[in-house]
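What follows is a short report for a reader who is meeting this structure for the first time. Please look over the sequence and the model before reading on.

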Amino acid sequence: IKGVQRNLPPSGANVHVSGIRKTIKPEMAKIVKPPSKDEDEKAVSDNPEVNELMEHESMKNVDPRMVEAILNEVVQIATTDWDDIAGLHGVKSIIREIIVWPMLRPDIFKGLRSSPRGILLFGPPGTGKTMFGRLIATQSESTFFNISASSLTSKWIGDGEKMVRALFQVARLKQPAVIFIDEIDSILTQRSDTEHESSRRLKTEFLIQFDGCATQTEDRILVIGVTNRPQELDEAARRRLVKRIYIPLPDLEGRKQLVKNLLREYSSELSDDDFNSIAEMTEGYSGADMNSLCKEAAYGPIRDVCHLLQTLDASHVRPMQMKDFIAAHRLVKSSVGKLDVELYEGWDATYGCHV
Ligand code: ADP
């Protein structure tokens, strides 16, 4: 009603209130009471979707500004296909069988076959964990909520736990839903004596909300925790994120595929042997490193003609060649250390999900 009260339309006009078309009759327009302070706080936003969500009983204690932030900044359109992720065939088949199929067909995958409510994706940075989150959301036809745990502490200082509650409530209303939480270790670390009171509250609220979802069998919400530091998770986190899936660095075939995918839209004179050589010289590179390498190599043909750049016809830029990759390889190095990989492999051997 706030919008109506503040900006009263001409009497008899049609207006939208929370998505419902209503006619303001002249007499109604006169008797509209000024909103109480409480109502004023609740009467919400210019976004009709926020207003619509706020009408649900379950949203009674949720701050509409948080709902607005969730819809604007956390909910994302996910349109990722299986082939967008190069290599990692083993990971894809685990994800297809234990997560996507059960989410698509909860009527078949129930009881013992039901999908997990929480999974963990762990591994070095830049290996495609976020891509897998988008892939799961796309393939399971779910709303994708993408939030970084550190933003809960930095952006919503002191209100992190309220934001967590709001996030789960909105996800319930927009299910099937995938809640993707990057850097989950920053919420679910082992408790220490020096832990800040607000982090403690945030962690407790997360566990309460997660357990609430897990016990509602009809809820179709999957929580995907993501971390580069799995060893920092405590037992409570491991118990809830029941399937812990290692997303490793790409292997030789994966790296070759990555370069082929990235060059798909560019002209290049690379032979299959060249692609093999690039894959061989990039042992230990992550997907993100491969991305940087290809970006650097893509500059090679431009550098050759930069003195003509003002007048050059774009069609005269030469195709990319092997020499561009050799030059790029000198500049772009792997960002993941061998010791780190050993740590991930060790943790995977103890806690990881294998088929
Ligand atoms: P993470 O979440 O593991 O840190 P991302 O999923 O954000 O990594 O990947 C970072 C970038 O690296 C992506 O935008 C993508 O371009 C590239 N990338 C990483 N791994 C792959 C892969 N297996 N296939 C295709 N692209 C990849």
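Axes are lines fitted to C-alpha atoms, for helices over the stretch in contact, and angles run from 0 to 180 degrees between N-to-C directions. Helices (H or I, at least four residues) and strands (E, at least two) are DSSP runs, numbered from the N terminus. The model is predicted, so to speak of local features needs pLDDT of at least 70, side-chain atom pairs count only at pLDDT 80 or more, and totals for chains, interfaces and linings use all residues. Residues are numbered from 1 along each chain as its sequence is written.

Helix α12 (residues 252–263) packs with helix α13 (residues 272–281) at an angle of about 120°, their axes being 8 Å apart. The two are therefore oblique to each other, given that angles under 35 degrees count as roughly parallel, over 145 as roughly antiparallel, 65 to 115 as roughly perpendicular and the rest as oblique. Residues that meet here have C-beta atoms, placed from the backbone, within 7 Å.

| Helix | Residues in the contact |
|---|---|
| α12 | Leu252, Arg255, Lys256, Val259 and Lys260 |
| α13 | Phe275, Asn276, Ile278, Ala279 and Glu280 |

Elsewhere, six strands form an open sheet of mixed pairing in the order β3-β5-β6-β7-β4-β8, where two strands pair if DSSP finds at least two bridges between them. The edge strands, each pairing on one side only, are β3 (75–76) and β8 (243–246). Helix α6 (residues 89–104) packs on this sheet and touches β4 (118–122), β7 (221–227) and β8, its direction making about 145° with that of β8. Between β3 and β5 (residues 143–148) the pairing is antiparallel over two bridges, and Gln76 has Phe144 in β5 as its bridge partner.

Notes. Contact = placed C-beta atoms within 7 Å.
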